[in-house]
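Trainee: Hi, could you walk me through this structure? I'd like to start with how we talk about the surface and the inside.

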Amino acid sequence: MKQLCLFVLFVFFKTLITKAAPGDVHIAVETRQTALVIRVDKDQTPTLVHLGSKLRNAAEYAAIQARGKRGEDYTDIYNSVYTPAGSRNLLEPAIQVTHADGNPSLDLKYIRHESQSMADGVVLTKVYLKDPQYPFEVTLYYKAYQNEDVIEQWSTIRHTEKKPVTLHKYASANLYIPAQYYYLTHFHGDWANEMNPSEIPLTEGIKVLDSKLGTRADLFQPPSFLVSLNKPAEEEQGEVIAGTLSWSGNYQLAFEVDPLHNLRIIPGINPYASAYSLAPGTEFTTPAFLFTYSDKGKGGASRSLHRWARKHRIPQGEGNRLTLLNNWEATYFDFNEEKLSALFKDGKKLGVDLFLLDDGWFGNKYPRNNDRAGLGDWQENVKKLPHGLGYLVKEAETAGIKFGIWLEPEMVSPKSELYEKHPDWVIKLPNRSEYYFRNQLVLDLSNPKVQDFVYGVVNDLMTKNPTLGFIKWDCNAVIYNAFSATIQNQSNLYVDYVQGLYKVLDRLRAKYPTLPMMLCSGGGGRVDYGALKYFTEYWPSDNTDAQERIFIQWNYSYFFPSIASCNHVTDWGKQPIKFRTDVAMMGKLGYDIVVSKLTEEELTFSQQALKTYEGIKNVIWKGDLYRLASPYTNDVASSMYVSESRDRAVWFTYLVNSRYKAGSQAPIKLNGLDPAKNYRVQELNVYPGTTSRINTSTATYSGNYLMAIGFNPQVDTRRTSVVLEVNEVK
């Protein structure tokens with residue numbers, strides 16, 4: 001029976017195959033290993049016929065057969081390159097509009113295309129589309145990063161109709177992928193419980209992931225995913241598409257398996273409550289959708305994204321980062337100049353680069369002594385800091401470290417002078433009771449005056465304190481009762497808010513291009529490449545329990561490089577300080593501890609760990625990541641960073657199962673090394689008073705041996721974390 005069904009399906013699909021006609025135009029968007037191919041037929045209809053491995057002979061793209069049409073009685077095009085609504089399409093659209101005359105239909109025909117080479121091996125292809133009946137145009141952009149195997153896609157929408165056109169949906173991309181089976185890995189969670197993975201098979205119908213929070217948009221789930229083709233992908237085997245949307249607001253990711261069993265992926269801004277009114281002669285630009293295709297499993301996809309992010313997106317992505325000591329767990333809101341000056345000295349004694357002053361330093365009429373007042377009043381509290389921030393900056397520099405500051409400039413406390421002076425600057429409904437998230441409300445960044453105010457908060461700080469070394473930018477509330485006192489069309493608010501935020505950040509980055517800034521957002525609530533265009537790093541989660549952080553950092557690492565991940569040693573977890581430090585080293589190391597409470601051994605260990613980190617950080621930040629043993633299926637979690645020249649690697653292994661005899665009972669196979677080179681394995685971060693079990697005096701191993709046979713880091717309940725350095729022996 002099963003064979004008969006398969007035969008019937010084969011015959012059915014065979015009747016649906018369309019071949020390229022001799023006059024068809026083919027547009028190939030290629031990277032070093034990947035190709036996206038658009039076919040334009042004689043009717044000027046653009047369709048996506050290939051997304052996968054690059055062919056050696058580009059002329060053979062014309063031979064690709066694509067399932068598309070079903071015959072004269074059913075002419076809807078399934079594999080449209082940007083599916084319009086209201087005409088022949090019956091599937092999920094990428095774009096839906098109502099024209100100025102009320103017509104809800106749209107048809108998009110190919111006009112022309114062009115490609116241009118840019119710097120650093122980047123090729124930009126533009127595909128111009130137009131409705132034959134209306135002066136309505138869509139341009140599709142494909143930026144192909146040749147060396148990194150990443151494609152960045154977005155669209156612009158423009159018209160010259162007599163009155164505004166309403167955009168009901170305006171996706172960033174419309175991918176089309178034929179395969180036998182599809183497996184979606186998406187991530188979900190909540191505050192302090194971010195990035196829990198879930199893998200599900202995709203079947204006929206639509207799976208939608210979205211956010212309606214306005215700010216902190218990926219608090220519950222991020223706009224990032226993995227799709228495995230034909231079978232569930234492994235770490236280093238299988239076909240995978242990794243995708244992530246560069247947007248810091250409401251988003252929607254739609255995965256539709258169509259009646260022909262092809263997968264359509266449509267990512268973009270969430271159309272929820274966001275029918276956008278587009279005036280004549282103006283242009284709407286969708287956020288960029290980033291994706292990469294890998295035939296080397298999830299690891300291959302993530303390494304491509306990491307290389308791309310470091311080189312092309314994150315500020316100073318191939319540069320340096322500052323280790324820091326945060327005062328939050330040492331003082332919370334209770335501090336003064338004397339306490340802070342003592343902490344500066346603690347930071348210098350520990351060995352960090354910078355001291356970060358967290359929440360609580362501002363507000364006078366309504367002092368920020370708790371989280372119920374003061375946001376918006378960004379002047380120094382005269383009781384806590386009578387000599388101002390400038391005094392603290394100089395005191396820190398005298399102690400031998402830089403000084404950084406915490407801000408939450410997008411927010412306002414109802415109990416604040418700002419709220420009293422400018423209630424119209426706040427997002428809230430005029431006829432509803434105010435509803436607070438963490439005792440605060442969101443400022444209306446769709447208002448240019450508010451944009452100027454937020455820009456001025458940071459600019460004034462930097463103008464008065466030009467050597468200020470770091471800004472931690474927080475965002476702790478979501479949007480309730482969405483309403484703007486400024487804009488006429490309220491359905492534009494969710495989009496205009498994010499665009500207003502980007503305008504502020506554009507201005508700041510233009511004036512302060514090298515200022516280190518952490519994207520905090522309440523812990524993991526705004527980790528996307530739209531925001532990371534402006535921030536040097538991000539805060540993955542307020543959950544800093546090292547055991548939990550292993551899992552959280554593991555899943556963020558599929559999309560974001562370690563140089564951007566802020567990992568702090570804190571007292572949240574109960575693990576030994578070695579374990580907490582080892583986990584935090586897999587990114588940008590920082591501390592949020594009371595240095596004076598460390599034992600002599602703990603302080604000695606921490607000081608030495610920072611010196612060790614200084615010597616290995618570039619391998620961790622800029623090396624290729626290989627996840628060797630998953631914490632979800634093993635007693636241990638094990639990951640390794642390998643330098644580009646494959647002469648050096650840093651290998652982390654942690655115990656995640658504390659049951660009796662749990663640990664690395666067998667060798668772990670390494671990856672990414674040169675099989676022809678010889679290596680020596682050496683243990684790092686050995687705790688004072690203990691001896692390494694790794695014999696490094698004379699033993700050397702070939703890369704072939706370490707990858708084929710493996711090496712046992714000897715992690716168990718008495719040795720819960722191990723950091724090893726693998727160096728080439730010349």
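Trainee: Okay, so is D716 buried or exposed?

Mentor: D716 is buried, because its relative accessible area is 15%. Keep in mind that this is a predicted model, where local features need pLDDT of at least 70 and side-chain atom pairs count only at pLDDT 80 or more, while totals for chains, interfaces and linings use all residues. Residues are numbered from 1 along each chain as its sequence is written, and side-chain values use heavy atoms, with hydrogens and water left out.

Trainee: What does D716 form a salt bridge with?

Mentor: With R693, the closest N and O atoms being 2.8 Å apart. A salt bridge here is a side-chain nitrogen of Lys or Arg within 4 Å of a carboxyl oxygen of Asp or Glu. The two partners are 23 residues apart: R693 is in the loop between β36 (678-684) and β37 (701-702), and D716 is in the loop between α12 (703-708) and β38 (721-728). Those labels come from DSSP runs numbered from the N terminus, with helices (H or I) of at least four residues and strands (E) of at least two.

Trainee: And R693, how accessible is that?

Mentor: R693 counts as partly exposed, because its relative accessibility is 34%.

Trainee: How many salt bridges does the whole structure have?

Mentor: The search finds 27. One of them joins the side chains of K472 and D358, at 2.8 Å from N to O. That pair links distant parts of the chain, 114 residues apart, with K472 in strand β28 (residues 470-473) and D358 in the loop between β24 and α5. Both K472 and D358 are buried.

Trainee: Which residues are joined into a network by shared partners?

Mentor: R321, E537 and K588 are joined into one network that way.

Trainee: New topic: rings! How many aromatic pairs are there?

Mentor: There are 42 in the whole structure. Rings of Phe, Tyr and Trp (its six-membered ring) pair if their centres lie within 6.5 Å; planes under 30 degrees apart count as stacked, over 60 as edge-to-face and the rest as tilted. Take F362 and W378: their centres are 4.3 Å apart and their planes are at 45 degrees, so the pair is tilted. F362 and W378 are both buried.

Trainee: What about Y641 and F652?

Mentor: Their planes are at 85 degrees and their centres 6.2 Å apart, so that pair is edge-to-face. Y641 lies in strand β34 (residues 636-642) and F652 in strand β35 (residues 648-655), so the pair ties together parts 11 residues apart in sequence.

Trainee: Which charged end sits over the ring of F335?

Mentor: The one on K384, 4.8 Å from the ring centre. For that label, NZ of Lys or CZ of Arg has to be within 6 Å of the ring centre and within 35 degrees of the ring normal. The charged end of R549 likewise sits over the ring of W539, 4.9 Å from its centre.

Trainee: Last one: where does α11 bend?

Mentor: At I616, by about 55 degrees, where the bend is the angle between axes fitted to the seven residues ending there and the seven starting there. I616 is also among the buried residues of α11, which include L610 and W621.

Definitions and conventions
Buried < 20%, exposed > 50% of the residue type's maximum accessible area, 1.4 Å probe, protein only.
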